[in-house]
Amino acid sequence: MTRIVVTDDCAGTGQCVAVAPDLFELDADGLSTVIAEPDTAERLEAAEKAAGLCPMAAIRLER
Amino acid sequence: MSPDRTSIDEIEERLAHPSFQIDPHPTYHKLRRQAPVYWSEQRGHWLVTSMDLVDHVLGNPADFSSVGFERRRIDGLPDEVAAHAGPVADHFAILQVVSSDPPDHTRIRRAFGSQFLPRNVAPLAGQIRAAAERMLDAADPDRPDIVAEFAEPLPVEVISEIIGVPEDARARIPVVTLDQREFFGSPALKVEHARRFSATLEEWHGLLASWMEDRSRRPADDVLTRAAEMVDAGRISHGEAVTTLLHLVVAGNGTTTALIGSAVYHILRHPDQARLLVDEPDRIANAVEEVLRFEAPLPTDRRIATRTLTLGDQTIAEGDLVMSVLAAANRDPAHFPEPDTFDVTRSFRESQHFAFGRGIHLCLGAPVARLEARVALHTLFDRFGLARIPDGFEPDWHAITTHRGLKTLPIEREGS
């Protein structure tokens, strides 16, 4: 199963939350945290889109 | 579906008409309905006006590159103008965060990204508030010009503090900002524009290099220090540091001036909404998002197609210039009901509008711009309460399609 990892490069731009609000949210520091795993095809697609939009390339999908 | 010849002629006429500068949205709505991917012959580029297609363009940097736009502008200059644009060509030949693709973009963005973390920006609120109060105190007490006396000086001061620009150089910031806007936004560029922008760029390269050298010896809490460290660590080149710093200086002021001016204008134009914000200032943050959606300071974002591809129902050739119209995406009725209605109570999801762009090139300074606009409105309402726009005021917008902001905005105290 694919796992989402947000690396230390996160700068809290919120692009992941914008396209995948089921998978990401911003924590108290304004940084992205994963709140659900991409366990459906739809969520996996959203996770891939979030990874592609991240300005810091801080989202990695581990398969 | 492609528009027929009559329709194309009408669209081209509308794009060239002076009324387009006052309100482009009727034309953008027509485009979105009839040709959301539209080749403009007079502009020499594609216009993309639906939110889904803009999302696609900006979300696919491998197909739509950020490299080469400036080069093309310079290459397209008449010889007599190009002869004076050498330093401009040299400046834009160096990679910078806004005009690079991955992996270079990622490398440069990471070097500066942490400086603009929301939690690193939030502590600036007090300083911004103090500066805003000082500027309003110094403004004309009866009829201040919100643009000249408030929205222009405030962002210059804020970005200077963040970057580390010394006080005696701050007056040069609006100069380089205007020179750059003219160079890339004027339809007919003259020798004097090129000569002036060249001289200004040479001046700024010298200034930024000397300040970075200073920070290498005496580190401070600013972006210049960060840049010097990143160069020393070999993560970015000296040239990349200088060009990206200058980009941050330029991008960090004119856009925020436009945002604050548009915010005050649209809010005061709707006295019921102004009253709501005065009474319930917690709503100001949401109001700023609505202003960003309704009147994006940078209406367009440019890319170049890296291969021949299909977008919507159009074939775009390799090398074609593609303008994503952020201002049009933000008025797409498929995503925003009644898009032409300004409503500070409209509810937003995170980054739902595209005023700061979309994807990897999302505005680096967005947290600063948001904070500045919020603090500016809080301060203005605290000092002026419910102000109003004088009777008979006609908005005069900068006549450049790549920038949307008011030239002037007088306000009066309620009851005066």
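A: Let's start with helix 15 (residues 223-232) of chain B: 7 of its 10 residues are buried, so it is largely enclosed by the rest of the structure. "Buried" here means under 20% relative accessible area, with exposed over 50% and partly exposed in between (1.4 Å probe, protein chains only). Helices (H or I, at least four residues) and strands (E, at least two) are DSSP runs, numbered from the N terminus.

Some housekeeping: this is a predicted model, where local features need pLDDT of at least 70 and side-chain atom pairs count only at pLDDT 80 or more, while totals for chains, interfaces and linings use all residues. Residues are numbered from 1 along each chain as its sequence is written, chains are lettered from A and ligands numbered from 1 in the order in which they are written, and side-chain values use heavy atoms, leaving out hydrogens and water.

Back to helix 15 of chain B: its buried set is V223(B), L224(B), T225(B), R226(B), A227(B), A228(B) and M230(B). Those residues pack against helix 8 (104-113), helix 12 (153-163), helix 14 and helix 16 of chain B, where contact means heavy atoms within 4.5 Å. Just after helix 15 of chain B, G234(B) has a positive phi of about 75 degrees.

Now for helix 8 of chain B as a packing partner. Its axis and that of helix 15 of chain B come within 9 Å and cross at roughly 135 degrees; axes are lines fitted to C-alpha atoms, for helices over the stretch in contact, and angles run from 0 to 180 degrees between N-to-C directions. The two helices, helix 8 and helix 15 of chain B, are therefore oblique to each other (under 35 degrees is roughly parallel, over 145 roughly antiparallel, 65 to 115 roughly perpendicular, and the rest oblique). The crossing of helix 8 of chain B past helix 15 of chain B is right-handed, that is, the near helix is turned clockwise from the far one by less than a right angle, anticlockwise being left-handed. R110(B), A111(B) and F112(B) of helix 8 of chain B meet V223(B), R226(B), A227(B) and M230(B) of helix 15 of chain B. By type, this contact between helix 8 and helix 15 of chain B has 5 nonpolar, no polar and 2 charged residues (Ala, Val, Leu, Ile, Met, Phe, Trp, Tyr, Cys and Pro count as nonpolar, Asp, Glu, Lys and Arg as charged, the others, Gly among them, as polar).

Two other partners, helix 14 (residues 191-217) and helix 16 (residues 238-251) of chain B, have axes that come within 10 Å and cross at roughly 110 degrees. Helix 14 and helix 16 of chain B are therefore roughly perpendicular to each other, and their crossing is right-handed. Helix 14 of chain B brings residues including W204(B), H205(B) and L208(B), and helix 16 of chain B residues including H238(B), V242(B) and L246(B). The contact of helix 14 with helix 16 of chain B counts 10 nonpolar, 3 polar and no charged residues.

Staying on helix 14 of chain B, S198(B) sits there too, and at 5% relative accessibility S198(B) counts as buried. Beyond its neighbours within four places in sequence, S198(B) touches H84(B), A85(B), G86(B), P87(B) and V88(B).
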